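Me: Could you take a close look at one strand in this model and walk me through its surroundings? I'd like the cut-offs spelled out as you go.

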Amino acid sequence: MLHCQERAMASENLMGSLQYEATCPICLGDFKDPVIIDCGHNFCRACIVQCWEGSGTAASCPQCRETVQQRNLRPNRQLANVLKIVKQLNLQVMKDAGGERMCVEHQEPLKLFCEEDQTPICLVCDRSRTHKAHTVVPIEEAAQEYKEEIQAHLKTLRKEREKLLGFKVTGEEKFQEYLIQTQTERQKLVSEFQQLRQFLEEQERLLLAQLEKLDKEIGKIQNENITKFSEQISRLSELISELERKCQKPASEFLQDFKSTLSRCEKGKFQQPVEISPELEKRLNDFAQKNIAVMETLRKFKDVLPSEVETRRGKSLGSYRLVNVTLDPDTAHPQLILSEDRKSVRWEDTRQDLPHNPERFDTEICVLGCEGFTSGRHCWGVEVGNRGSWAVGVARESVKRKGGISPNSEQGIWAVERCWDQFQALTSPRTPLPMCWDPRRIRVCLDCERGQVTFFDAGDESPLFTFPLALVPGEKIRPWFWVGGSQLRLSP
């Protein structure tokens with residue numbers, strides 16, 4: 001028995017040492033999610049983050065005051081494993097001590113409870129200066145009192161849990177009803193629009209068939225008239241030639257068979273063409289009235305359901321000024337061909353013999369717009385087509401012109417590009433754009449007041465990507481274009 005007690009006391013001493021090493025220097029409790037910093041000291045992750053809250057990227061160690069980097073918090077998995085072993089050893093020590101926890105400092109059973117410090121203590125601790133003036137009660141009595149308090153809290157918490165469970169079930173049922181309702185409305189909407197599409201397609205086919213029938217009838221009358229006119233013109237031309245020849249003959253020969261000649265002239269009078277019958281004209285008018293009624297109905301339907309495209313267009317582009325951008329030939333790479341009006345540009349394999357002026361791009365296949373902006377809100381359109389590679393955006397006036405460049409904001413270029421059917425923003429690194437986005441025309445909107453440039457799909461005016469601009473006071477921002485195997489055309 002004595003041997004067991006000695007072994008338990010020795011274990012308590014070891015536990016005291018281990019417990020000290022397993023204690024966070026900030027919260028003085030067991031490590032929770034321990035991390036190690038640059039100087040080698042360990043802390044709870046939550047403790048060190050809270051301690052450094054409000055500091056910059058660098059801070060000081062709370063233990064040795066050495067300056068370290070905040071972001072270099074590395075999980076200390078070895079220490080976490082040691083903590084697990086300490087807890088297991090603590091359980092073994094309690095088992096060796098007959099199930100009672102021992103005071104780490106005095107190796108005495110924890111028989112008392114200090115109400116001021118809210119911690120179990122031994123009889124020696126009770127006589128020490130630390131706890132001498134404190135209210136101390138037997139540990140079993142304190143446990144019973146606090147158990148009753150905990151039981152009261154448990155009762156309240158269980159009621160709250162039951163209430164929340166009820167809310168959860170009710171909420172799930174309600175949301176399920178909403179989902180069923182939206183699904184029902186979706187099915188109704190799809191069905192109604194499918195029927196409407198079928199009806200419109202049938203009406204279109206019917207109306208086009210009626211028009212085709214009218215076309216054939218009118219064409220038939222037209223062809224009959226053309227045939228008759230051609231025959232009459234030919235007959236009259238022959239008669240005119242014959243009469244002209246007759247007028248050239250002597251009097252005796254001219255007057256021969258004169259009565260027959262006059263009779264033929266009378267028969268050769270012009271005949272009126274066949275006109276469209278009143279019945280056919282009425283059918284044409286009826287069809288026109290029906291077509292007007294159909295168009296009016298469709299316009300009313302559009303008015304009832306205003307286009308989201310129009311709404312977005314009004315909100316997003318209303319305050320921008322449309323700019324008539326033209327291309328600057330002095331900046332164009334020698335393999336770029338500009339149109340006479342300087343509104344379109346295309347790439348050719350042959351390199352032109354152009355002056356090597358400082359403004360010209362000599363390596364990258366780029367060209368700038370003539371216009372430069374330092375203030376205000378401006379926008380312009382670019383037709384990019386559906387093939388080839390291209391990039392469209394804006395650049396600083398001071399953008400590098402000679403040698404190779406990597407187009408991105410660090411180089412003073414803010415743009416979007418198409419490269420091998422991939423669309424991306426020229427950030428660093430590149431930002432992929434939605435796969436469903438395949439524009440034929442792009443609208444570039446430059447806002448010098450807010451310091452940003454936004455790209456829109458000009459087809460439906462949906463915003464695609466926005467760059468923040470690092471503007472330099474007084475320096476112009478100019479339209480920028482990169483052309484690779486494609487053709488770009490500028491438009492308002």
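Reply: Buried here means under 20% relative accessible area, exposed means over 50%, and partly exposed is in between (1.4 Å probe, protein chains only). Helices (H or I, at least four residues) and strands (E, at least two) are DSSP runs, numbered from the N terminus. Keep in mind that this is a predicted model, where local features need pLDDT of at least 70 and side-chain atom pairs count only at pLDDT 80 or more, while totals for chains, interfaces and linings use all residues. Residues are numbered from 1 along each chain as its sequence is written, and side-chain values use heavy atoms, with hydrogens and water left out.

Let's take strand E14, residues 389-396. Eight of its eight residues are buried, so E14 is largely enclosed by the rest of the structure. Ser389, Ala391, Gly393 and Ala395 point one way, Trp390, Val392, Val394 and Arg396 point the other way, and all are buried. In a regular strand the side chains alternate between the two faces of the sheet.

Now for the partners. Two strands count as paired if DSSP finds at least two bridges between them. E14 sits in an open sheet of six strands, ordered E12-E21-E14-E15-E16-E17 with antiparallel pairing. The edges are strand E12 (366-368) and strand E17 (431-432), each pairing on one side only. Eight bridges join E14 to strand E21 (residues 477-484), and the two run antiparallel; there, valine 394 has proline 479 as its bridge partner. With strand E15 (residues 413-419), E14 pairs over six bridges, again in the antiparallel sense. In E15, arginine 418 is the bridge partner of tryptophan 390, and glutamate 417 stands opposite alanine 391.
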